[in-house]
Amino acid sequence: MDQEQDAVNYHVRPARADEMDAQGIAQAYNAVYEDYPFVAFTDPAMVQEEVIPGGDSENFVVEVKGGQVIDGEEVPEDTVVGTGSVKFHRGGHEAEFGGIVLDPDFQEMDGAPFYQDLVNQRVQVARNSDADRYVTHPVSSTHAKTQHGHAKKGAVPEGVSVNKYPEIFNGEGRETVVPMVYPDGNYEFTAGDSRDVFVTDDTVGLVDQVLSGVNEERDGEALSRDLHVGPEEVNAGYHLTEKVYDDEVGKMASYQLTPGGEQSIDEALDAVDQALEDDDVRWVGVEFDANDESAWEASQELSERGFTPERFSPEAMNYDDEVSDALGFQYSKDGTGEIQLIDSALEALDATGIDYQDHGKGPVDHVRRVSVG
């Protein structure tokens, strides 16, 4: 579309549990996704009854004013064309900016910053809340608009989750996700209370990349971490918690591995091995405590199983009464089609050591087109 911004009359506002908002949200999901597995987002009645009221979330919509002529066609009445939400997790400790969907007919509209306005309003909601950590997981399969939108507000990529939701997106490639974190969160462990991070040669680059990016954007004290590169002899018992297994979204399995249990590392990873053998599961992820010496052993054992580093997330993991930095590893059974990453996300991918092919400049500045083999 070749419309200028002043020709597009729209606004972003909180969602209302009425027919127009429900139909608009469902239409946006159905236009973007093919056979989206969460029916509550694609059925207007369920959207109105279950999604919009939220619970631990606040939902927003993009409303375009009726009567305008856009791309040669008149918008007959006020129309909801997109949505986004703020979801609160971990007892309100974490605010996630998710659920951003925009009808493809409006995604390419020149000068109408729908994505950025959705980002701005949700960031403001999170900063007015009691959340300490603000995160988002923009997709990269067909565009990088949401990555750009959050990067403009200072968010830093923590890694790249390759094919985390395979075969869900209606377009080329798989649903690759870029975990991003906002550096201005209220992190407890600042320079005055540093944490040790136990890394292997395969992960030290990613950890350093994320910490450097976060600290470049922080206005307050730097996040201080002392890196200890193994391997070392580790004698730790483990416990594995299943987060997601073969659920509706893309046939994925996700686990949390924590020290202090009664199982050996092989016993604890038995369920992970079973997921790797399950033909229905296309993506497997394991996160573990980077602030415990057991991180060395966990990294090595997962690497031997063919896992690759996925992300380093400061204070993203809590179990019992502990809040810890998380290291994430992933195993993707599918190759990916072409994806688009902003420069800082490509740097995070490069820091993981994952092999990829760079196909050159993307549709706008600071975007690269890549594929991961």
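**View 1. The largest nonpolar core of the predicted model, around Val 62 and Leu 341.** Among its 41 residues, Val 62 and Leu 341 touch the most other members. A nonpolar core is a set of buried Ala, Val, Leu, Ile, Met, Phe, Trp, Tyr and Cys residues joined through side-chain atoms within 4.5 Å; buried means under 20% relative accessible area (1.4 Å probe, protein chains only). At least two residues each come from β1, β2 (57–64), β5 (79–89), β6, α4 (114–127), β19 (339–342), α10 (343–352) and β21 (367–372). Helix α4 gives the largest share, seven residues. Helices (H or I, at least four residues) and strands (E, at least two) are DSSP runs, numbered from the N terminus.

**View 2. Surroundings of Leu 341.** Leaving aside residues up to four places away in sequence, Leu 341 touches Ser 140, Gln 147, Val 178, Leu 346, Leu 349, His 366, Val 367, Arg 368 and Val 370. Contact means heavy atoms within 4.5 Å.

**View 3. The open seven-stranded sheet.** Its order is β1-β2-β5-β6-β7-β11-β8, with mixed pairing; two strands pair if DSSP finds at least two bridges between them. Strands β1 (10–14) and β8 (156–157) each have a single partner strand, so one side of each is left without a neighbour in the sheet. Parallel strands β6 (residues 94–102) and β7 (residues 133–136) are joined by four bridges, and Ala 95 has Tyr 134 as its bridge partner in β7.

**Notes.** Residues are numbered from 1 along each chain as its sequence is written. In this predicted model, local features need pLDDT of at least 70, side-chain atom pairs count only at pLDDT 80 or more, and totals for chains, interfaces and linings use all residues, while side-chain values use heavy atoms, without hydrogens and water.

Technical notes: Buried < 20%, exposed > 50% of the residue type's maximum accessible area, 1.4 Å probe, protein only.
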